Amino acid sequence: MGEQLTDLKPQKVFEFFSELTRIPRGSGNERAVSDFLVEFASKRGLLAYQDEFNNVTILKPATTGMEDAETVIMQAHMDMVCVADDDVKIDFAKDPIEAYVDGDYVRAKGTSLGADDGIGIALILAILDSEDISHPMIEAVFTTDEEVGLGGANGYDVSRLKGKRFINIDSEEENHLVIGCAGGIRCDVLSKCKNQKVEGNIYEITINSLTGGHSGTEIDKGSANANVLMGRLFDLLMKNAEFSIGTFSGGTKENAICTSASATVVVKKKQSKSFEKCIKSFAESMKSEYRKTDPDLNVKCKDKGKGKLEVMSTKDMSKFVALLNLLPNGVAKMSQISEMVETSANIGIVTAKPKNYNICVSLRSNKNDSLDWMISRVEMLANAYNVQFAGRCRYSAWESDEVSDFARSAQQLYMKMFDRDIDIITIHAGLECAVFSKKIKGLDAISIGPDMWDVHTTGEKLSISSTEREWKYLLELLKL
Ligand SMILES: [Zn+2]
């Protein structure tokens, strides 16, 4: 029997984390963990309230001698992304996560671990639980549905909060102190189509085995997007053969770079040879073009034989292909203050049938103005092609052009405590700080967290030693 989670240090932190691994808390299923937090507070005589979104707020008064210090809001999210390996049988609605210790890491057996953001919750609970840690008045805010559009934070009523100093514990790199993040929106560009039946040779074209990645934090890697590659292939094919598109399906997540797309098409019989040749040479040139970022890139074309296929009209098809090629994708603008992407786009999911299509582009920017401009560009393009446009799930950027005194002292404190560097950065992804900064005027927020890797995957792992440093750091941060 190996080392148990509850044997680890800081002991209270890992005890609470271990307790959290036994409570189901996939996004949308947070009732149990929310009730657990309310019960935690009531057992300790702490004032707590739970709202209709299952967000929980726990108040803990300042300890003796700290009554005059500034109130601190500490925040983390309850929900986790639940993913399992194909061969793992688990019902995330009721089964626990099997976490285990592996050297300096905590991992889970065949599933995501939920250190994002369970360790944030555990760190805060350990402080709320303590009787010997000195701290100012704490307003602990635990939110829901972060992973699926920041639902809890968006619904949260901030009117009862008094603090202006805000510590979010949902970052994944110990040597980063985050002071800004991107806003975003999902845009649907869609249209109904005229359909028709066309006779010829039917093919299934597949582009897959791309590297993919997070559409925000990994967009700067320049890896291929299967939806975009397919659009590019269609453009080539249109110049070389008479063909029509029956169906198209690419991507499963709006915030992931699309790794696989497939389409069913029909080609005039006598052009089959040149059609196949065109795909073959496209495959070769893409393999070479993306040899560094996507070494496994694969373009396949399967002959399904002669037949009649229901397809979209030629006019609708040319619009669809034009939009796939013209809609923004990838890095749109770099930051003026750091080597960071400021504005980007990702064509995450595309679906097409003979009677309609939908191209979903997710846009991000660390500047709200720049995000507005990107939305305009997509809308203008939709208007120019006379197709529909709809934006949804917009969230604001957490903009920061200046480093606050609090962030600066937090940086100096870390460097003094551990004799290591910590960089003040902004990230090209979303954080709940954006929502709270918009709702609370003059909020002075930072986001921190211990080292973890491969979150949202079954390889998720948390560093134990980093968690221990983060704990010590947090205790000193509360005294700043
Ligand atoms: Zn998170």
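Predicted model: local features only at pLDDT ≥ 70, side-chain atom pairs only at ≥ 80, totals over all residues.
## Overall build

The protein contains 11 helices and 21 strands. Its radius of gyration is 25 Å, close to the 23 Å that the globule rule gives for 480 residues, so the protein is as compact as a globular protein of that length. Taken along the principal axes, the C-alpha atoms fill a box of roughly 85 × 50 × 45 Å.

Buried residues account for 45% of the 480 residues. When contacts between residues at least 6 apart in sequence are considered, 77% of them join residues at least 24 apart.

## The contact of α1 with α3

Helix α1, which covers residues 11-21, and helix α3, which covers residues 115-129, have axes that come within 8 Å and cross at roughly 130 degrees. The two helices are therefore oblique to each other, and α1 passes α3 in a right-handed crossing. On the α1 side the contact involves Lys12, Val13, Phe16, Phe17, Leu20 and Thr21, which meet Gly118, Ile119, Ile121, Ala122, Leu123, Leu125, Ala126 and Asp129 of α3. Sorted by class, this contact has 10 nonpolar, 2 polar and 2 charged residues.

Each of these helices can also be linked to a cis peptide bond. Another joins Asp116 and Asp117, with omega at about 10 degrees, and Asp117 is placed in helix α3 itself. As background to both, most peptide bonds are trans.

## The contact of α9 with α11

Helix α9 (residues 405-418) packs against helix α11 (residues 464-477) at an angle of about 130 degrees, with their axes 10 Å apart. That angle makes α9 oblique to α11, and the crossing in which α9 passes α11 is right-handed.

From α9, the residues Ala410, Leu413, Tyr414, Met417 and Phe418 meet Arg469, Lys472, Tyr473, Glu476 and Leu477 of α11. The residues of this contact divide into 7 nonpolar, no polar and 3 charged.

## Residues with positive phi

Most residues other than glycine have a negative phi. Cys393 is not a glycine, yet has a positive phi of about 50 degrees.

Asn358 is found in strand β16, which runs over residues 356-365. With 16 other C-beta atoms within 10 Å, Asn358 is partly exposed.

If neighbours within four places in sequence are left aside, Asn358 is in contact with Asp188, Leu190 and Thr351. Leu309, by comparison, lies 49 residues from Asn358 along the chain, and the C-alpha atoms of these two residues are separated by 20 Å.

Definitions and conventions:
Residues numbered from 1 in each chain as written. Axes fitted to C-alpha atoms, helices over the stretch in contact; angles between N-to-C directions. Helix = DSSP H or I, 4+ residues; strand = E, 2+ residues; numbered from the N terminus. Parallel < 35°, antiparallel > 145°, perpendicular 65-115°, else oblique. Left-handed = near helix turned anticlockwise from the far one by under 90°. Contact = placed C-beta atoms within 7 Å. Nonpolar A, V, L, I, M, F, W, Y, C, P; charged D, E, K, R; others polar. Rg over C-alpha atoms; globule rule 2.2 N^0.38 Å. Buried ≥ 20, exposed ≤ 12 C-beta atoms within 10 Å, placed from the backbone.
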